[in-house]
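Have a look at the model, try each task, and then compare your steps with the worked solution.

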Amino acid sequence: MEPCVIGVDMGGTNTRTAAITRQGEIVARQEHPTAVEEGREQVVANLVAAIHDLCQTVRKEQREVVAIGIGVAGAIKIKEGIVSESPNLPGWTDFPLRQILTDHLSLPIIIENDANAAALGEYWAGAGRQVENLVCITLGTGVGGGIILEGNIWHGVDGTAGEVGHITLEPQGALCKCGNRGCLEAYASATALTRMAREAMERGEETLLRTLCQDNAAALSAEMVSQAAQQADRVAQRILERMGRYLGIAIANLANLLNIEMVVVGGKVSQAWDLFIPFTEEEIRQRAFAVPADRCRVVKAERGDDAGLLGAAYMAWKSFPLSSSPSPA
């Protein structure tokens, strides 16, 4: 039997599972509703069923699952395998997920924050291959981050390091969902782009966005902002310029602080790359010291939604005591 591991990306809406080889090849995958409204016991039961099903699928291909890695949004006690709290999983406060899953599955299991898992996925099998010091920033509904130093995730003392989205950039700035003002997340997330577009419409500015959302500001999306900017809409272009500059300020701070080799930027907002990255790079050059600015490359993520699955699998390979280190894809 050829060994493989299972990587899990547990989101608030859907949970994705995949069987992954030591080389980072995804050989089987599944997706099912997380069903958080049914309670944590049912969520766990659904996950166990999905993992059992995946184990049976790969066994038919002469593969054996030897470990499991799971990425979950929120604060994770890594050593204990406990979900301290999760914004996507209400009621999971101090939930001993690893122990419960181990009782059902009898396999080595490691649990990690989902943004850290995505960073590890890009490090192992994506844009960060052969780079030992990097930060991965995910621009989605919010802004997530993972820090890799000397090839390992930097968790901090309490496991909460890497909250790049909550670096304060404007002390009296836009309100962030965390309760603070002026966070990067309040300027560089999909939510931020739609807010800035809505504000422009409320000011009465002429913009293609009105047509795209049929004059219904509640229907605005980050994709519409990108689409309008690609059609030379000045309002949309200005929004993405502003977003890119704030991202550049944050990255300049990270470069000065950590002297990293690379920042990998992913998430759905990164699809507008060419519309914001020139302004990001300009801010980095202006604000970071010359040596760390020259060293730090800003690149687009390569693995998309699979980054979290791959990072979870990478953790599982490293945790399996009889295996050698996983090989880069």
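**Exercise 1. The domain interface**

Task: Work out how many residues of domain 1 and of domain 2 are in contact, and describe the contact surface.

Solution: Step 1. Start with the contact count, where contact means heavy atoms within 4.5 Å: ten residues of domain 1 touch eleven residues of domain 2.

Step 1. Domain 1 covers 4–120 + 307–319 and domain 2 covers 131–301, with bounds from an automatic or database domain assignment. Their C-alpha centres are 28 Å apart.

Step 2. Turn to area. The size of an interface is often given as the accessible area lost when the parts come together. Between domain 1 and domain 2 about 780 Å² is buried, and carbon and sulfur atoms give 56% of this; buried area is the accessible area (1.4 Å probe) that two parts lose on being put together, summed over both. A115, N116 and A119 provide 49% of what domain 1 buries against domain 2, more than any other three residues.

Before going on, a note on the source: this is a predicted model, in which local features need pLDDT of at least 70 and side-chain atom pairs count only at pLDDT 80 or more, while totals for chains, interfaces and linings use all residues. Residues are numbered from 1 along each chain as its sequence is written, and side-chain values use heavy atoms, with hydrogens and water left out.

**Exercise 2. Pairs across the interface**

Task: Which elements give two or more residues to the side of domain 1 that touches domain 2, and what polar pairs cross over?

Solution: Step 1. Count the pairs. Two residue pairs are in polar contact across the interface, both at pLDDT 80 or more; a polar contact is a pair of N or O atoms within 3.5 Å, where within protein one must be able to donate a hydrogen and the other to accept it, and residues adjacent in sequence count only if both atoms are side-chain atoms.

Step 1. Find the elements, with helices (H or I, at least four residues) and strands (E, at least two) being DSSP runs numbered from the N terminus. Helix 3 (114–125) and helix 11 (306–319) each give two or more residues to this side of domain 1. Helix 3 has the largest share, five residues.

**Exercise 3. A salt bridge**

Task: Where in the chain do the partners D306 and R16 lie?

Solution: Step 1. The side chains of D306 and R16 form a salt bridge at 3.5 Å, N to O; the rule asks for a side-chain nitrogen of Lys or Arg within 4 Å of a carboxyl oxygen of Asp or Glu.

Step 1. D306 is in helix 11 and R16 in strand 2 (residues 14–20), 290 residues apart.
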